[in-house]
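Please read it alongside the sequence and the coordinates shown here.

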Amino acid sequence: MTTLVLLTATGLGLAALYFLVASGLSLIFGLMDVLNFAHGAFVSIGGYVGWTVADHLSGTFGLVGSLLAGIAAGAAVAAATELAVIRPLYGRPLDQVLATVGLGLAIPALLQAIWGADSRTWLLPGWLAGTVNVAGAHVPTVRFLLIGIAVALLIALRLLLGRTRAGLIVRAGVEDREMVTALGIDVRRANSAVFALGGAAAGLAGVLYGLYQGSVSPGDGTSLLVFAFVVVVLGGAGSITGTAVAAIAVGLVQQYADYASASLGDESVVILLAAVLLLRRRNLQGRPA
Amino acid sequence: MTRARFSAPPVRYRRIWRNNWLRALIVFAVLYFLPYSTISIPGVFDGPLDAPGVLQLLAVCLVFAGLAVSYDLLFGHTGVMSFGHGMFVTAGMYVTTILVNHAGYALFTSAALALAVTLIASLLLGAVALRVGGIGFAMVTLAFGQAVSILVISGSPQLTGGEQGQTLNSSAVPAALDGVRNTANLYWIALAYLVLCAAAVWGLTASTPGRVMRAIHENERRVEVLGLNPYLFKLLAFIVSGLLAAGGGIVYLLLLGGATPTVSTSNFTLSLLVMVVLGGAGRRWGAIVGGLVYGYASQSLTRVSGSSAIAGLPGILRGPLEQPLFLLGAAFVLIVFFAPGGLAGRLAAKTTTTGIKEG
């Protein structure tokens, strides 16, 4: 029982990270058809900027500071990427993807040049470093922080997309970009906003991944990115609820399978992906293929 | 002005050069005779062309070029973006090594079995993954490639050697391919592999299925409307390119003398994409040029990164320049921006002004 609780808590913690990365990825892909390979780099940048803040400010203040700094760094880099790299290549979707591939290679190498290839240890504030007793299992407190933030983001995104005019434009853009443009609405502004929003979530994920592992290293973002892609494919591009469900499924399957046998977790995620692809005859947007 | 600089050669030679098969024959013949020459090109290579170190470097370039050609069949000719190409290279490399080292099979039997395994694997994977189109396919193949990578690195260290990789049992390697003195033979094997890839891909793209692949690249919906099933042609391209990649894995294994998990990483597949785009996707010589240039650059950038010229620079400049991936990634973005046709596209644009058609 304690093992089950512990596995579930860890799985949900991972699911929270996957959701943070995949939600931005999914919205960007749904709205702009850009598969953003630089998204993992945004995660890493958020992680390192957050680590630098936490390194200078200790305690809870440092934690809040690093979370905010991670969000700001992720959003800033993503917005700059959209402006400088994605927008000039508008109308050349393949080149947009290729350019993000180049960024995805170059940025982690740059981070490695600045902060070194070895992982940097992240010291948590005292109240976060402990464990919480759930049904006899000692679950690290960080897991609850991850889950709490992910749930908050899910609710915030649902409200933003469902209740505001900006959200309406994004949802309409995901459905049919040309039609929205034809109605006289500038989708490009929505593109920038979604990119910055996704980058902010990715930067936040970078900080949280650092807290989760207790360290940051240049390859963190890239390793999260692969599973975030799986989550996007499973959840359907542009669907926030689908992304959340898929993230939970991937996180839990990975943890349970890992318990059965080490390194089986990652394989079982891919098997899950293959099974879903075989059984479902729909394309990414959720429309019949 | 341009006309004056690129003064056109006499018509007789131009006609020979324009014939693609003759041109290929000339290029490959020159490459074939390289190990016999003792010319040294200072600043480009460390020693004369027949030195084992230089031949090894050139052979790796040739293997990369062959792999790039195999990737281009999918990416440039059929318009299918796969991020799992490295897993077929891994399959060729690791199945051969494991069969030789742990099952005691001969090298050729193991290599043949590795190709058979790849054939089945690419058929199954392609059948599943091609059900999602476009970018979704890229994500799915990336996930599968990652699964293979994790399997190789941490699945069974006794079998695969984990992060260190595994040395190929040297008693199984024929004497003609063993040792530094025989580097020339390895070079010729790498060249033969490149010729095989080029012939297979050029032959296939000139055939009827190849024309359908090109049509899928241009407009998949139209191919469907014409009553053809794009799925089957994409699957064919996927299997052929997978088999060629596995062959490349086997040749690379011989060159390195052992299996290395770097070929399974997503960065390796991305580097194949960089080669193809660098050279010019879907062009006859694009992938070959890209593979050779990338192979040379990636091997000598590591050397430049550690050189004294870089070490003398102030820290803020030195850091990024010591990272080959940073330079390659940044160069890649610039190429996407400013030279969408790649190097071959550039060359073709220039030679067209002298009256020679691009090839």
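A:Ala205 counts as buried because it has 37 C-beta neighbours inside 10 Å; a residue is buried if 20 or more other C-beta atoms, placed from the backbone, lie within 10 Å of its own. The model is predicted: local features need pLDDT of at least 70 and side-chain atom pairs count only at pLDDT 80 or more, whereas totals for chains, interfaces and linings use all residues. Residues are numbered from 1 along each chain as its sequence is written, and chains are lettered from A and ligands numbered from 1 in the order in which they are written.

A:Ala205 belongs to helix α9 (residues 187-213) of chain A; helices are DSSP runs of H or I with at least four residues, strands are runs of E with at least two, and both are numbered from the N terminus. Beyond its neighbours within four places in sequence, A:Ala205 is in contact with residues including A:Leu17, A:Val21 and A:Leu224, contact being defined as C-beta atoms, placed from the backbone, within 7 Å.

A:Leu17 in turn touches A:Leu146, A:Ala205, A:Leu208, A:Tyr209, A:Tyr212 and A:Leu224, residues up to four places away in sequence not being counted. A:Leu17, A:Tyr18 and A:Val21 have the most contacts inside the largest nonpolar core, which has 204 residues. Such a core is a set of buried Ala, Val, Leu, Ile, Met, Phe, Trp, Tyr and Cys residues joined through C-beta atoms within 7 Å.

In chain B, which has 18 helices and two strands, buried residues make up 45% of the 359 residues. One helix pair of this chain is summarised below.

| Helix of chain B | Residues in the contact |
|---|---|
| α5 (residues 85-102) | B:Gly86, B:Met87, B:Thr90, B:Tyr94 |
| α7 (residues 134-155) | B:Phe144, B:Gly145, B:Val148, B:Val152 |

The axes of α5(B) and α7(B) are 9 Å apart at an angle of about 30°; axes are lines fitted to C-alpha atoms over the stretch in contact, and angles run from 0 to 180 degrees between N-to-C directions. The two helices are therefore roughly parallel, a term for angles under 35 degrees.

The contact between the chains takes 31 residues from chain A and 34 residues from chain B. On the side of chain A that touches chain B, the largest share, 13 residues, comes from α4(A).

Conventions:
Buried ≥ 20, exposed ≤ 12 C-beta atoms within 10 Å, placed from the backbone. Contact = placed C-beta atoms within 7 Å. Parallel < 35°, antiparallel > 145°, perpendicular 65-115°, else oblique.
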